[in-house]
Amino acid sequence: MTTEVLFFVPEWPALDNPILHAQVLSVASFLKQKGIACRFAGAETSHSRAQQAAAAIKAEYDIQAYIVPGLPPHAGAWDYWASCRRAYGHMQSELASASITHVYARSFIGSMWVRRLARKLNAISIFDVRGVVGLEKQLGMKSSIKSRLLSYLELRESQKADRLSTVSQNLKRYLSLKTHSRDIIVIPSCVNETRIFFDLTARNEIRKALGLDQHTILLCYSGGSSAWQRMGDIVSLLKDICLTSPRYRSLFLTTSLPEVTNMIEQAKFPPGQAFIVSTPQNEVHRYLSAADVGLIMRHDTIVNNVASPVKVGEYLACGLPVILTRGIGDYSDMLPDASVGLLLNEDTDMVNQVVSFLERNDFTHLKHAAIRFTKSKLTMSANLNQYRLLYAPK
């Protein structure tokens with residue numbers, strides 16, 4: 001029997017959601033190239049955007065897309081539920097005579113409807129668990145009751161789905177402990193190697209435009225300005241590093257341009273040593289290629305212990321060894337062990353740790369090591385066997 005997967009993700013706008021395109025549609029396109037037939041069910045805010053999304057997904061990914069309208073621009077939990085319900089009703093009739101073998105969901109709300117649809121189609125339901133939503137929400141909620149409810153629903157779906165996919169070994173252990181499930185496949189947040197890669201031409205162009213010579217070391221932070229991303233700590237650390245030498249410069253690659261600009265001004269960053277750039281997703285690899293090292297900081301909590309931040313793979317794919325803190329998924333152990341990262345000890349002088357790392361005799365060779373590591377661990381091709389296990393027959 002031919003494997004045919006329906007990716008069911010109506011919780012996000014299908015036309016331009018970057019995570020949906022990078023982590024769902026890109027995967028579907030990759031699997032199709034490997035002989036696994038794929039379709040997509042999603043949602044949009046209007047009929048016209050739904051039509052645009054279906055056409056764009058077909059043109060860019062060669063994936064048949066079914067897009068239902070009605071998803072509000074600023075959707076909440078009930079909107080997600082209603083959007084999934086509409087998509088479920090549409091797909092029941094649309095796929096009545098299809099040979100779908102697997103139906104994929106990315107949220108516990110989506111999984112509720114995917115299990116129903118899978119039963120109708122005599123298919124396998126798959127829940128891709130990317131984190132611990134209840135605990136994530138608890139960080140920003142006054143009501144612990146609501147966060148406990150979310151945790152309950154997520155774990156309930158993890159027990160009821162036919163198969164689970166997770167992004168880290170830590171998350172697999174967490175789910176195994178909580179649900180006693182053994183059918184869990186680990187696939188990290190993979191980079192699409194055709195879109196995220198080291199670009200030597202871009203490196204030379206961008207460094208020239210920024211006025212950097214070959215001896216300048218450019219430290220890069222890529223991401224937003226939310227509290228959980230520890231932006232204040234990142235700005236402070238990079239400022240202190242730049243104060244040690246004019247040879248060091250910092251690149252902030254972010255969509256939160258006003259917020260990050262304000263933080264850098266408030267921190268009194270050394271003049272001329274910080275570059276703040278907002279760029280489309282398809283240009284990110286160009287700017288990462290121009291840098292020399294990537295930085296990510298997180299608090300050592302369960303939420304971060306089970307995560308697999310996409311930016312880590314993006315840094316490495318573009319040749320950037322990663323400076324990181326404890327408790328970031330599998331990476332805090334994995335990257336130093338593979339000699340492509342520096343694990344910071346936050347109890348001692350972090351500036352000295354980073355400067356010592358940057359001044360290593362073999363530092364320039366780490367770029368090639370980072371790229372090799374990505375190709376062996378964090379690309380879709382490297383995880384093809386895991387994908388085949390996840391989408392294997394019953």
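**Notes on the model**

1. Leaving aside neighbours within four places in sequence, N304 is in contact (heavy atoms within 4.5 Å) with R298, H299, G327, I328 and G329. N304 belongs to helix α12, residues 302-305, helices being DSSP runs of H or I with at least four residues and strands runs of E with at least two, numbered from the N terminus. N304 counts as buried because its relative accessible area is 11%, where buried means under 20% with a 1.4 Å probe and protein chains only.

2. This is a predicted model, in which local features need pLDDT of at least 70 and side-chain atom pairs count only at pLDDT 80 or more, while totals for chains, interfaces and linings use all residues. Residues are numbered from 1 along each chain as its sequence is written, and side-chain values use heavy atoms, with hydrogens and water left out.

3. Helix α4 (residues 108-121) packs with helix α6 (residues 144-160) at an angle of about 35 degrees, their axes being 9 Å apart; axes are lines fitted to C-alpha atoms over the stretch in contact, and angles run from 0 to 180 degrees between N-to-C directions. The contact is made by F108, S111, M112 and R115 of α4, together with L150, L153, E154, R156, E157 and K160 of α6.

4. The largest cavity holds about 160 Å³ of space, a cavity being a set of points on a 1 Å grid over the protein atoms alone where a 1.4 Å probe fits but cannot get out, with lining residues having an atom within 4 Å of a point, and a volume being the space filled by probe spheres set on the points. Of its 18 lining residues, the closest to the centre are Q23, V27, D128, R130 and Y387, and α1 gives the most to the lining, with 4 residues.

Terms used. Buried < 20%, exposed > 50% of the residue type's maximum accessible area, 1.4 Å probe, protein only. 1 Å grid on protein atoms, 1.4 Å probe; cavity = no way out; pocket = protein on both sides within 12 Å on 5 of 7 lines; lining within 4 Å.
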